[in-house]
Amino acid sequence: MTKELLTPDYIFESSWEVCNKVGGIYTVLSSRAKTLQEAFPDRIIFIGPDLWKDNESLYFREDKNLMSQWRRQAAKQGLQVRVGRWTVPGEPIAILVDFCPYFVQKNQIYTWLWEQYRVDSLHAYGDYDEASMFSYAAGRVVESLYTFNIQSSTFTVDTRVVYHANEWMCGLGALYVNAKVPQVATVFTTHATSIGRSIAGNQKPLYDYLFAYRGDQMADELNMQSKHSIEKQTAHHVDCFTTVSDITARECMELLDKPVDVVLPNGFDDDFVPKGVAYSRKRKQARSKMLQVANALLGEQLKDEETVIVSTSGRYEFRNKGIDVFIEAMNRLLRDRDLQKTVLAFIVVPGWVGEPRQDLQERLASSRTAEGPLEVPMITHWLHNMGHDNVLNMLKFYDMHNRHDDRVKVVFLPCYLNGHDGILNLTYYDVVLGNDLCIYPSYYEPWGYTPLESIAFHVPCITTDLAGFGLWVNNKLGHEGQLADGVRVIHRTDYNYSEVADFIKDTVADYSALTTKEIEACRKKAFELSKHALWSQFIQYYYQAYDVALRKAASRCACSVAV
């Protein structure tokens with residue numbers, strides 16, 4: 001007989017990316033928000049950093065009528081917060097907290113953290129202090145809200161409350177809540193272990209030697225002691241420790257010495273995807289603009305029906321995200337005799353962008369046909385570090401300068417696509433749906449939101465089985481994903497870089513030879529597969545995590561009463 005899951009009455013969830021669009025975690029939380037808001041109307045409350053202060057934010061709309069009594073109480077406690085709505089589907093309540101006042105208490109906070117949980121903050125550098133002060137402030141918000149609602153009789157001793165912290169950046173707050181408000185059940189999700197990402201990013205083989213790595217030792221070697229320490233101690237002390245895929249669960253076991261309690265795969269909300277005529281119109285517009293920009297940059301006249309548009313995207317982690325092997329594959333594709341059409345390959349990765357190219361803007365504004373390529377015809381925006389950029393340097397190394405006779409043209413879009421970049425002026429999702437094929441040959445990818453987004457927009461993709469999403473696809477299909485399935489899953493190891501590049505090259509060449517009917521079937525398969533990864537399917541795993549945390553918290557509080 002299946003036991004009935006304990007469900008929370010209220011959920012507080014914190015992340016550095018609440019109302020702060022930085023990377024994939026923003027997509028995880030913002031796309032899941034609607035599903036949780038429908039299940040827990042205004043009882044799912046997100047907590048993020050107040051980075052905007054008095055300035056207007058695209059992602060947050062303040063409402064001074066929300067929680068007005070608590071806000072007055074919080075102000076007396078020194079908490080500087082703004083309450084409103086996160087402007088994403090579902091529009092859940094969001095609390096933005098100013099964490100800057102706590103920097104003056106930093107040493108005392110870190111001392112408490114060491115004395116209570118043996119977290120080593122002595123080796124902190126970079127974003128550690130900023131993240132920790134936000135995390136501490138978020139923990140205090142939860143403590144204040146819980147205490148206020150108990151005092152006002154909104155909560156009773158039987159009210160079930162969960163605090164969900166995301167990534168090492170919110171670990172301190174989870175430990176604070178664990179210690180100060182033991183009635184609140186704590187959940188911690190590591191979307192990627194800090195030390196695993198560092199091992200991979202430092203060109204070390206992660207997977208063949210995973211069984212032999214000691215997390216603490218590698219943290220010392222790679223100067224990651226403080227981030228690793230807060231992540232490890234949070235994993236060990238919260239009520240429910242989670243991660244996003246089976247591949248990262250193995251990583252957690254080996255590097256954090258803690259098995260996860262529940263795996264929480266990342267889902268998607270297809271409200272983002274246009275339907276019917278709107279989809280066809282937006283896809284046509286996106287392709288037209290992408291070709292227009294490429295033609296202006298290259299001095300070409302590439303035509304829609306004769307061009308296969310592909311792209312890769314994500315965080316600028318040159319090896320981890322497989323940007324290097326993507327360029328390698330495009331270089332090999334230049335000489336592939338099976339290629340039936342011209343390939344226009346975009347690298348959509350935010351770099352240290354300076355400004356939009358004025359010469360390119362002038363060409364785009366002109367009605368005249370461009371004659372000849374612009375200088376450096378591989379990039380749409382100037383960078384601050386042109387001579388040290390990995391993408392540009394690899395293109396130069398392979399002498400890939402988008403010559404007229406080249407059947408493969410590579411264009412680097414080094415900026416966030418918010419619709420106002422000055423050149424393409426399309427959002428990221430518009431660019432995705434303009435593609436024929438998206439390519440994400442990741443070496444280190446705990447889940448892999450980009451390929452899931454791709455197939456949700458009816459665009460077939462290539463990924464690897466070192467991505468949690470790629471493994472999920474193989475498990476779902478019962479075999480290694482092929483192009484005809486809508487997702488080509490390439491087997492990747494620590495050492496088969498060259499083989500992966502060849503697989504990508506061959507898959508793009510195969511796609512270029514497909515008939516219209518075969519392309520439509522491939523796109524349909526991709527979209528159908530994405531339906532199995534909607535939040536309506538994956539939210540069940542969150543309910544399991546809440547149940548684990550609530551039962552452990554109940555047991556802890558019962559023991560405290562008994563004592």
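A salt bridge is a side-chain nitrogen of Lys or Arg within 4 Å of a carboxyl oxygen of Asp or Glu. This predicted model holds 30 salt bridges. Side chains of opposite charge can pair when their charged atoms come close.

Start with Glu91 and Arg61. Their side chains meet in a salt bridge, 2.8 Å from N to O. The pair links distant parts of the chain, 30 residues apart. Glu91 sits in the loop between β4 and β5, and Arg61 in strand β3. Glu91 is partly exposed, at 30% relative accessibility. Arg61 is also partly exposed, at 39%.

Next, look at Asp430 and Lys282. Their closest N and O atoms are 3.2 Å apart. Buried means under 20% relative accessible area, so Asp430, at 13%, counts as buried. Lys282, at 27%, is partly exposed.

Arg403 and Asp399 form another salt bridge, at 2.8 Å from N to O. Salt bridges that share partners also join Arg283, Arg287, Asp304 and Asp436 into one network.

Now turn to the cavity. The count comes to one cavity of 30 Å³ or more. The largest cavity has a volume of about 40 Å³. Its lining includes His123, Tyr125, Asn223 and Lys227. Helix α8 gives the largest share of that lining, three residues. By type, the lining has four nonpolar residues, four polar and one charged.

Finish at helix α17, residues 497-512. The helix reaches 23 Å from its first C-alpha to its last, close to the 22 Å expected. Among its buried residues are Val500, Ile504, Lys505 and Tyr511.

Methods: Residues are numbered from 1 along each chain as its sequence is written. This is a predicted model: local features need pLDDT of at least 70, side-chain atom pairs count only at pLDDT 80 or more; totals for chains, interfaces and linings use all residues. Side-chain values use heavy atoms; hydrogens and water are left out. Helices (H or I, at least four residues) and strands (E, at least two) are DSSP runs, numbered from the N terminus. The expected span of a helix is 1.5 Å times one less than its number of residues. Buried means under 20% relative accessible area, exposed over 50%, partly exposed in between (1.4 Å probe, protein chains only). On a 1 Å grid over the protein atoms alone, a cavity is a set of points where a 1.4 Å probe fits but cannot get out, and a pocket is an open set with protein on both sides within 12 Å along at least five of seven lines; lining residues have an atom within 4 Å of a point. Grid points are joined across faces, edges and corners, and a volume is the space filled by probe spheres set on the points. Ala, Val, Leu, Ile, Met, Phe, Trp, Tyr, Cys and Pro count as nonpolar, Asp, Glu, Lys and Arg as charged, and the others, Gly among them, as polar.
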